[in-house]
Amino acid sequence: KPPVSHPLPLPYGSRGLTEKDMDTIATEFLYRQTSESDFFSAHSFDFNGERHLDVYDKPTKCMLDGMDVETRKQVIQSNKEQDHYATWLQGRPDYVSLAE
């Protein structure tokens with residue numbers, strides 16, 4: 001059986017789904033061939049006045065999102081030499097800005 005659900009968190013207090021969110025739901029959730037081990041997670045968020053969609057969302061990014069901005073910045077910057085660093089930044093312009 002495919003997974004029961006595929007998460008698509010939205011920004012807290014958002015006014016709902018954008019056209020980009022709906023396109024992602026259609027292409028990545030509804031019309032996607034899945035297997036038992038297949039799992040897709042995306043994260044919709046606002047950054048610099050624009051809605052972004054991270055289709056490379058991972059549990060670690062959820063953990064980072066739960067941190068206050070200064071702690072998140074410190075964690076991101078302290079992991080620059082790690083193998084997983086590039087995957088953290090993929091799809092996340094907000095993390096890229098903290099890495100600088």
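How many salt bridges does a search of the whole structure find? The search finds four, a salt bridge being a side-chain nitrogen of Lys or Arg within 4 Å of a carboxyl oxygen of Asp or Glu. The structure is a predicted model, in which local features need pLDDT of at least 70 and side-chain atom pairs count only at pLDDT 80 or more, whereas totals for chains, interfaces and linings use all residues. Residues are numbered from 1 along each chain as its sequence is written, and side-chain values use heavy atoms, with hydrogens and water left out.

The overall architecture comes first. The protein chain contains five helices and two strands, and its elements follow the order α-β-β-α-α-α-α from the N terminus. Helices (H or I, at least four residues) and strands (E, at least two) are DSSP runs, numbered from the N terminus. Of the 100 residues of the chain, 33% count as buried; buried means under 20% relative accessible area, exposed over 50%, and partly exposed in between, with a 1.4 Å probe and protein chains only. Among contacts in the protein chain with a separation of 6 or more, 53% are made by residues 24 or more positions apart, where contact means heavy atoms within 4.5 Å.

Asn48 lies in the loop between strand 1 (43–47) and strand 2 (50–54). Although Asn48 is not a glycine, it has a positive phi of about 50°, and at 66% relative accessibility this residue counts as exposed. Arg51 and Asp46 form a salt bridge, with their closest N and O atoms 3.0 Å apart. Arg51 counts as buried at 18% relative accessibility, whereas Asp46 is partly exposed at 46%.

A second salt bridge joins Asp54 to Lys61, the closest N and O atoms being 2.9 Å apart. Both partners are buried: Asp54 has a relative accessible area of 0%, and Lys61 likewise has a relative accessibility of 0%.

The side chain of Arg92 meets that of Asp65 in a salt bridge with an N to O distance of 2.8 Å. This pair links distant parts of the chain, 27 residues apart: Arg92 is in the loop between helix 4 (85–89) and helix 5 (93–99), and Asp65 is in helix 2 (residues 59–65). Arg92 is buried, with a relative accessible area of 2%, while Asp65 is partly exposed at 25%. If residues up to four places away in sequence are not counted, Arg92 touches His43, Phe45, Asp54, Lys61 and Asp65.

Which residues make up the largest nonpolar core? They are Leu64, Val75, Ile76, Tyr85, Trp88, Leu89, Tyr95, Leu98 and Ala99, nine residues in all. Helix 3 (69–78), helix 4 and helix 5 are the elements that give two or more residues to this core. A nonpolar core is a set of buried Ala, Val, Leu, Ile, Met, Phe, Trp, Tyr and Cys residues joined through side-chain atoms within 4.5 Å. One member, Tyr85, touches Ile76, Asn79, Lys80 and Ala99, not counting residues up to four places away in sequence.

At the start of helix 3, a side-chain oxygen of Asp68 reaches to within 3.2 Å of the backbone nitrogen of Glu70.

The chain ends with Glu100 in view. Glu100 is found in the segment after helix 5 and is exposed, with a relative accessible area of 71%. The C-alpha atoms of Glu100 and Gln77 are separated by 7.9 Å, although the two residues are 23 residues apart along the chain.

Note on methods: Polar contact = N/O pair within 3.5 Å; in protein donor to acceptor, adjacent residues only side chain to side chain.
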